[in-house]
Amino acid sequence: MATPIKRIEKDFLLKVLYDDQLPVVYLNDRTEYILRLEKPTKNEVFFKCEKPIPDLRVKKKLDLMFEFMGRVVLFSIVIKSVRDTHIVADVPELLFKDLDRSYSRVNSPEDMKVQFTFRGDRFNLRYPRIQEFEPANMGRWLKDADPKNLQGLIDQMGEWAQGFSDGYKIVIFKEIKPSSTEERILAETGKALYLPSTLGGFPQTDPYPKKRIITGEIFRRYLESTGVNPLYLDDSVNRFVRQKFERGFLSDAWIPILFQEYVIGYIHIWINKGGKAPFDYKLVEALYEFAKVLAFSLKLNGYFDSGRIKNKPFTGKIVDISASGLLFACPHSDFSAVLLPDSELAVRLFAPRRAIKATVRIVRRYKDSAMGYFGSRFLDMDPGDTRFLFEFLYGKPFSDADALFVMGQV
């Protein structure tokens, strides 16, 4: 992941750029332009281009990069003034290193078009929606159960749960809307409410790489969003846990059932008698696996068919593109709302001499008042297509040295 460079190191690198006259690269319309600093950097940067760059104008943003000690550094400037091959801009606020991009991004060539198609089925459902996409990834439950046999799967879950809990239930938000505190925060976050012991409190950290647990901080933020005075947040959290203990719950877990970007229900499991070990993270992991299989079984049994979206190809506007991915934009709509991180799309890129097929995974999204923007990474592009795309975008033959230097991010 890209790491912002701290001020002292940034000042050092900008000094080296001038002292050593390191080349700074700007890529535009399949052409590489070299810039060098003309003056020492104070509040502004003064660049001179080795050759004229078309369409330079005040307020235009330039994405620039250079290499120092084998590491690629990326930064952006906004032009304050331009005359012939001379550019003046404010000192960049941030420089980035340790980039996770495979190649540098460039503005989309005018003669390139793109078309997308969702991979797999997509749905527009009346369930609580979160801003994440849950890929279908089945766990160990499928080894011992027929996913088409929904009741058999639920019975298996019941038999398994008896070994470590005193009770459990499965709730689907079809006729029932989230109403209790547990249901509402679970539906809003798509995360598990997990209290290993009601004599303690919420976990303070989440051990999972893709965060799954409602920590104490997340619960506080939720309470504050419901109108609880910040001065009383700690008291409210403690009272919530204490009331569970007073009602007889010793260990408690509410696991969301996720289907794509929807929270379709939850599994609630608890201990209210002595003699059983408190729930641990291995149990939480197993329940997440079961919840995925349960959602998959519901899909196989036609539970979501009424909300199925017809899978038609759609176009997007390429904002910028690299040999490793692209940033595209779509107007706000119910359709673009389902373009979430981890969604996968089949993509076709149309260049004058070639059409390229690949798969992209959305890795980030953001929006303005009119459009949604989606950064995506190519997953399985044919090596020959990668070479063609590189040479088409950068206007030079592909080489290992170029791949090492031209590092950027979608």
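## Close-up views

**View A: β12 (129–134), β14 (193–195), α4, α5 (233–246) and β15 are what the buried residues of α3 pack against.** This is a predicted model, so local features need pLDDT of at least 70 and side-chain atom pairs count only at pLDDT 80 or more, while totals for chains, interfaces and linings use all residues. Residues are numbered from 1 along each chain as its sequence is written, and side-chain values use heavy atoms, with hydrogens and water left out. The buried set in α3 is E182, E183, I185, L186 and A187. Here "buried" is under 20% relative accessible area, "exposed" is over 50%, and "partly exposed" sits in between (1.4 Å probe, protein chains only). Helices (H or I, at least four residues) and strands (E, at least two) are DSSP runs, numbered from the N terminus.

**View B: helix α3 (residues 181–189) meets helix α4 (residues 216–225).** Two packed helices are described by the angle between their axes and the distance between the axes. For this pair, the axes come within 11 Å and cross at roughly 105 degrees. The axes are lines fitted to C-alpha atoms, for helices over the stretch in contact, and angles run from 0 to 180 degrees between N-to-C directions. On the α3 side, look for T181, R184, I185, E188 and T189, which meet I218, F219, Y222 and S225 of α4. The residues of this contact divide into four nonpolar, three polar and two charged. In this scheme Ala, Val, Leu, Ile, Met, Phe, Trp, Tyr, Cys and Pro are nonpolar, Asp, Glu, Lys and Arg are charged, and the others, Gly among them, are polar.

**View C: S297 sits in helix α6 (residues 281–300).** With a relative accessibility of 0%, S297 counts as buried. What does S297 touch, leaving aside its neighbours within four places in sequence? The partners are P147, K148, N149, L150 and L153, where contact means heavy atoms within 4.5 Å. Take K148: S297 and K148 are 149 residues apart in sequence, yet 5.6 Å apart in space, C-alpha to C-alpha.

**View D: the largest cavity is lined by E134, P256, L258, Y288, A291 and K292.** Searching the whole structure turns up one cavity of 30 Å³ or more, and the largest cavity holds about 40 Å³ of space. A cavity is a set of points on a 1 Å grid over the protein atoms alone where a 1.4 Å probe fits but cannot get out; lining residues have an atom within 4 Å of a point. Grid points are joined across faces, edges and corners, and the volume is the space filled by probe spheres set on the points. The elements giving two or more residues to this lining are β15 (251–271) and α6, with α6 giving the most, three residues. By class, the lining has four nonpolar, no polar and two charged residues.

**View E: the second largest pocket holds about 470 Å³ of space.** Unlike a cavity, a pocket is an open set, with protein on both sides within 12 Å along at least five of seven lines. Its lining counts 17 residues, and N107, S108, P109, E110 and I318 lie nearest the centre. Strands β10 (113–118) and β18 (317–321) are the elements that give two or more residues to the lining; β18 gives the most, with three. The lining splits into five nonpolar, five polar and seven charged residues.

**View F: Q21 and D342 are non-glycine residues with positive phi.** Phi of Q21 is about 50 degrees, and Q21 belongs to the loop between α1 (7–19) and β2 (24–28). For D342, phi is near 85 degrees, and the residue sits in the loop between β19 (325–331) and β20 (344–351). D342 is also partly exposed, at 27% relative accessible area.

**View G: the protein chain has eight helices and 22 strands.** Its C-alpha trace spans about 80 × 50 × 35 Å along the principal axes. The chain has 410 residues, of which 47% count as buried. Of the contacts between residues at least 6 apart in sequence, 66% join residues at least 24 apart.
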